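Hi,

Here is the structure I promised to send over. Have a look at it first, and then read on for my notes on what turned up.

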Amino acid sequence: MGRTFSRPGIGRRPAGGFYYSGMGLIGKVIGCIIMIGFGCALVLNAVAGMKAFLERIWLRVRGNYVTGTVVDVDVVEDPDRYTQYTPTVEFVTRRGERRVEKVLYATINECSVGDRVRVFYRPHDQTQVFVADFSQGLWIILFFPFLVAGGLTMASLGVLILIGVDEVHFGGGRVLDLSPDVGE
């Protein structure tokens, strides 16, 4: 197979780097880039979901809430999952201004034109309107650690494979072994 070298804590790898017989250099690089991209996408989606959930919590604590009337509804039906509703709500702010705003995030709670719904809005930006649906972001709290851990693992493995690391030793044991039997 060629020369190998070893570094403490990293393991052996051939001097040329990429040596997997079943996959060419281009395929390996593309595969690693996909792994890194998928891992980063998982982490970014988890962070964006957590940000939206925390925004809803902030609005419950510090925002203004009123009861408004649904004047229009965008319905997205997915036969495999559930239907999402994005209402446009007419409401009167605490300052007495009449507003008609589309809510920022869809809800799974069915609503139709004429329904009365409770909405939250930012005191200084009445275009930021949310339907009072606490359960909407609850799933992100449950899955946030798994999404971040999975995303970081995918990205890290992609980087390790890309740079040619075959073995990783930690705490006296082998944590990762990607190398075939290479003769010394």
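Let me start with Glu-101, which you will find in strand 5. One thing to keep in mind throughout: this is a predicted model.

Glu-101 is a buried residue, with a relative accessible area of 14%; the cut-off for buried is under 20%. Its salt-bridge partner is Arg-99, and the closest N and O atoms of that pair are 2.6 Å apart. The side chains of Glu-101 and Arg-99 also show up as a polar contact of 2.6 Å.

**The other salt bridges**

How many salt bridges does the structure hold? The count is three, and the Arg-99 to Glu-101 pair is one of them.

Another salt bridge joins the side chains of Asp-74 and Lys-102, at 2.5 Å from N to O. Asp-74 belongs to strand 3 and Lys-102 to strand 5, so this pair ties together parts that lie 28 residues apart in sequence. As for accessibility, Asp-74 is partly exposed at 31%, and Lys-102 also falls in the partly exposed class, at 41%.

Then there is Arg-98, which forms a salt bridge with Glu-90, with 3.1 Å between the closest N and O atoms. Is Arg-98 buried or exposed? With a relative accessibility of 59%, Arg-98 counts as exposed, because the cut-off for that class is over 50%. Glu-90, at 25%, counts as partly exposed.

Five strands make up an open sheet, in the order 5-4-3-6-7, with antiparallel pairing. Which strands stand at the edges? They are strand 5 (98–102) and strand 7 (129–131); each has a single partner strand, so one side of each is left without a neighbour in the sheet. From one strand to the next, the twist averages 40°.

Further in, have a look at strand 3 (residues 64–76) and strand 6 (residues 116–121), which pair in the antiparallel sense over six bridges.

**A nonpolar patch on the surface**

Over on helix 2, the surface is worth a look too. Which residues form the nonpolar patch there? The members are Trp-139, Leu-142, Phe-143 and Phe-146, and together they have about 500 Å² of accessible area. Leu-142 lies in helix 2, which covers residues 138–163. Leu-142 itself is partly exposed, with a relative accessible area of 46%; residues need over 30% to be included in a patch.

**The chain as a whole**

To put all of this in context, the secondary structure of the chain comes to two helices and nine strands. Going along the sequence, the pattern reads β-β-α-β-β-β-β-β-α-β-β. The chain has 184 residues, and 30% of them count as buried. Glu-101, where these notes began, is in that buried class.

That's what I have for now.

Cheers

Definitions and conventions:
Residues are numbered from 1 along each chain as its sequence is written. This is a predicted model: local features need pLDDT of at least 70, side-chain atom pairs count only at pLDDT 80 or more; totals for chains, interfaces and linings use all residues. Side-chain values use heavy atoms; hydrogens and water are left out. Patches are made of residues with over 30% relative accessible area and no salt bridge: like charges are joined within 9 Å, nonpolar side chains (Val, Leu, Ile, Met, Phe, Trp, Tyr) within 5 Å. Accessible areas come from the Shrake-Rupley method with a 1.4 Å probe; for residues, only the protein chains shown count as cover. A salt bridge is a side-chain nitrogen of Lys or Arg within 4 Å of a carboxyl oxygen of Asp or Glu. Helices (H or I, at least four residues) and strands (E, at least two) are DSSP runs, numbered from the N terminus. Buried means under 20% relative accessible area, exposed over 50%, partly exposed in between (1.4 Å probe, protein chains only). Two strands pair if DSSP finds at least two bridges between them. Axes are lines fitted to C-alpha atoms, for helices over the stretch in contact, and angles run from 0 to 180 degrees between N-to-C directions. A polar contact is a pair of N or O atoms within 3.5 Å; within protein, one must be able to donate a hydrogen and the other to accept it, and residues adjacent in sequence count only if both atoms are side-chain atoms.
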